[in-house]
Every structure is written in structure tokens, then in C-alpha cells.
Amino acid sequence: MTRPTVVISLDLELSWGSFDLSYGDDLLKMGRWTHDVGAPNLLKHLTRNGLSATWAIVGAMMRRSLPDVSGLPEVRFPHFSKPWFSYIPKDGDEKSHPEWFGASLVEMIRNATPQQEIGFHSFSHVPFGERGMTRERAIAEYRYCAQLAKELGIAKSSFVFPRNSVRYLAELRDAGFDCFRDVDRLPMRFANDALNSLGMIWADFAGSTPCMVEPSLKDGIVSIPGSLLIRYAAGWRKYIPDSSRLRRLRKGLERVRLSRGVFHVWFHPENLYAEWPRVENVVARFLEELGILVRNGDVRCLTMGQLASEFRAAATVKQKSQQPAVFAPAGRVSSPASGSRRRAGEPISA
């Protein structure tokens, strides 16, 4: 079982995250606020407490303007039948449209201390698991992300699927990515999605203890399930008491400290906007308490990429230790490295 570890992954998407669900002035206002205030404030909370996180960023917003997207096969979804880039300002840039583009945010995050991880939240935030998505578009999304990683000098390590809708893992592996955030582990998972949603709502209101997770291998890529999503405070979610939100986070910290494993917390910087500063205050308190535990040596705080590398290294060591010993042929043999002589049948290190 993994040493007591906390992982924080953040889905940074500005207006890309929900334009296909609800496009309007409120969405654009939230995107601008996240660019100017929300993401920088969150980065300060992390660095002040000496913590690193995985920032999964929509690839198309990593530039100052929209790149050539003609190589992306078009998709049509039941909930959004327009061309995917209909609302994106083709001639705009970060200065005129900070709600869509955030090259300066990427640089700010890359230059932070302690070091933060830049991951990918797809290239254009298409929902991979929705009806209408195609394998061709998924491969193109991965290819565009890989090209951006090469251009910007970003490691192709962590990938977060939009809306945690996981699909096309083999293609993600073939594109060179190392790990992805898997769906949340729930105390009880039902076959019915509606029942699962009700269960998560109840857990938020009750302040129940989140599950610890462990990394594993799926289709040759490291899966890191989520433990807890910090929901934004809009709509019915504004009725979730702040005390319940913080109670769940504290219970997660206590559980991982005592029982080991991974406590994987995730949320959207954009979600700090609704009913501001309620959720930001909860997150700030959580990060402060986590920082104390890290400094005291009670838990670690790793990025998704760091955890995946550690998992692969441990798996390699385990695999080698399970390999059968190799025996020399009959007679006496000499070791060129040491000059020592061994009798026949003595094991040779593999």
C-alpha cells in the first residue's frame, strides 16, 4: 500500500469547460475572473503552504490565441449540434479575450515554487465518453496535446478527461501519456448513474469520510482514481454547508494519515467563483492544514505524474524480484567484474 499521500488535481478550463452546456455572459465573466483572480489566488494558496498540484489545462487555452484547428475532425453531440469552435474568438488573443486564452497563466504556474505539474485537460474539452465522440477526434486531441507539450517543453505525463468521462485509453497510451485521473472511488457504487449522484450529494451534505485510492495499470497507462470532488457553490450546491465540505476534507486527511493510501482531491479553479469567497475559504483552510501535515512528515503531497512514476518504478522492482534465478552451466566460472570464481549451480544475478 502507498505511503500516506495526498494528490491535488485541478481542471483549469476558463470558458472552455461548459460553453456547450450554457453559453452566455455569466460564463464569460467567470472565465475572466478565473484568469485574473481565481487561478492566481489558488496558486498563492498552494505555494504559501509549500504544496505542489497537477494543473490539468485545456490545451487550446495554453496559447495566446487559437492555433490552427483544421486538423481536428468535427464532432456533433446530442446536446450541442453546432461546430465545436463556434463560440471561440478566431481573431482574438489573451489580451482581448482572457476568458478563453491563458498563456500567461501557464507561465505563472510553471515558474512557481514549489514546482507545479502542467497536465492536459484534453485539447478542446470535448466530452470523450459522450455519444457523438469519435476515435478519430480522440486521437487528434491527443496529437494536438502532444504537439503543444513539445513546443512548450511540457512533459507528457498527466491527462484528465473532461467531466471525468474516461474513454480511448489505449490511444492515450500510444500518444505517450503516462497517467490519467480515473473516476472517483465511492463507498458504494450503483449501476444507475442517478443513484450514484444521489449518493455523492448525500456524502457532501453529511460530511462523510472519502475513500482512499491506489494507482493501478489500465491498458498500459497508470490510473489514479479520484477520492473527493470539491463542488462549486452555485445552484443547489450552495446549500452544502461549508462546515460539511471542510469536515470531509479533514476526515480524508485523517484517514490517509492513519491508514495509508492516496487521498486524491480535485476541483476546478473556476468553481471558486460561485458565491465567492465561500469555496476559496474552504480550500485555503484545507491547504493550510495539509501543509502542516506535510511539514511534520505525516503525509506527502505528490503530483499525479510523481505518483505514477513511483508506481511504475515499484512495479519494475517487484517484477525483477520475481524473475527466476539464472544458473551457470556445469564447471567453474569466473566473474569478469570481480574476478571471483563460483561453482556450477550457484545463481548468477539476473
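Trainee: Two strands count as paired if DSSP finds at least two bridges between them. Which residue stands opposite Pro-225 in strand 7?

Mentor: Asp-182 does. Before going on, note that this is a predicted model, with residues numbered from 1 along each chain as its sequence is written. Local features need pLDDT of at least 70, side-chain atom pairs count only at pLDDT 80 or more, totals for chains, interfaces and linings use all residues, and side-chain values use heavy atoms, with hydrogens and water left out.

Trainee: How many helices and strands does the protein have?

Mentor: Eight helices and 14 strands. Helices (H or I, at least four residues) and strands (E, at least two) are DSSP runs, numbered from the N terminus.

Trainee: Back to strand 7. In which sense does strand 5 pair with it?

Mentor: Parallel, over four bridges, with strand 5 covering residues 179–182. Strand 7 also pairs with strand 6 (residues 216–218), in the antiparallel sense over three bridges. There, Leu-217 stands opposite Val-222 in strand 7.

Trainee: What about the hairpin of strand 6 and strand 7?

Mentor: It has two residues between the strands, and Asp-219 takes a positive phi near 55 degrees.

Trainee: Is strand 7 buried or exposed?

Mentor: Five of the five residues of strand 7 (residues 221–225) are buried, so the strand is largely enclosed by the rest of the structure. Buried means under 20% relative accessible area, exposed over 50%, and partly exposed in between (1.4 Å probe, protein chains only).

Trainee: New topic. How many cavities of 30 Å³ or more are there?

Mentor: One. On a 1 Å grid over the protein atoms alone, a cavity is a set of points where a 1.4 Å probe fits but cannot get out, while a pocket is an open set with protein on both sides within 12 Å along at least five of seven lines; lining residues have an atom within 4 Å of a point. Grid points are joined across faces, edges and corners, and a volume is the space filled by probe spheres set on the points.

Trainee: Which element gives the largest share of its lining?

Mentor: Helix 6, with four residues. The elements giving two or more residues are strand 8 (228–229) and helix 6 (242–259). Among the lining residues are Asp-204, Ile-240 and Arg-248. By class, the lining has five nonpolar, one polar and four charged residues. Ala, Val, Leu, Ile, Met, Phe, Trp, Tyr, Cys and Pro count as nonpolar, Asp, Glu, Lys and Arg as charged, and the others, Gly among them, as polar.

Trainee: How much space lies in the largest pocket?

Mentor: About 1500 Å³. It is lined by 43 residues, and the closest to its centre are Arg-163, Leu-229, Tyr-232, Arg-237 and His-268. Helix 5 gives the most to that lining, with five residues. By class, the lining divides into 19 nonpolar, twelve polar and twelve charged residues.

Trainee: Where does Leu-272 lie?

Mentor: In the loop between strand 9 (262–267) and helix 7 (278–295). Leu-272 is buried, with a relative accessible area of 0%. Leaving aside neighbours within four places in sequence, Leu-272 is in contact (heavy atoms within 4.5 Å) with residues including Trp-33, Leu-42 and Val-283.

Trainee: And Tyr-144, buried or exposed?

Mentor: Tyr-144 counts as buried, at 10% relative accessibility. It lies in helix 3 (residues 135–152). Tyr-144 and Gly-59 are 85 residues apart in sequence and 7.8 Å apart in space, C-alpha to C-alpha. Not counting residues up to four places away in sequence, Tyr-144 touches Asp-68, Val-69 and Phe-123, among others.

Trainee: Last one. What percentage of the 350 residues in the protein is buried?

Mentor: 52%. Among contacts between residues at least 6 apart in sequence, 75% join residues at least 24 apart.
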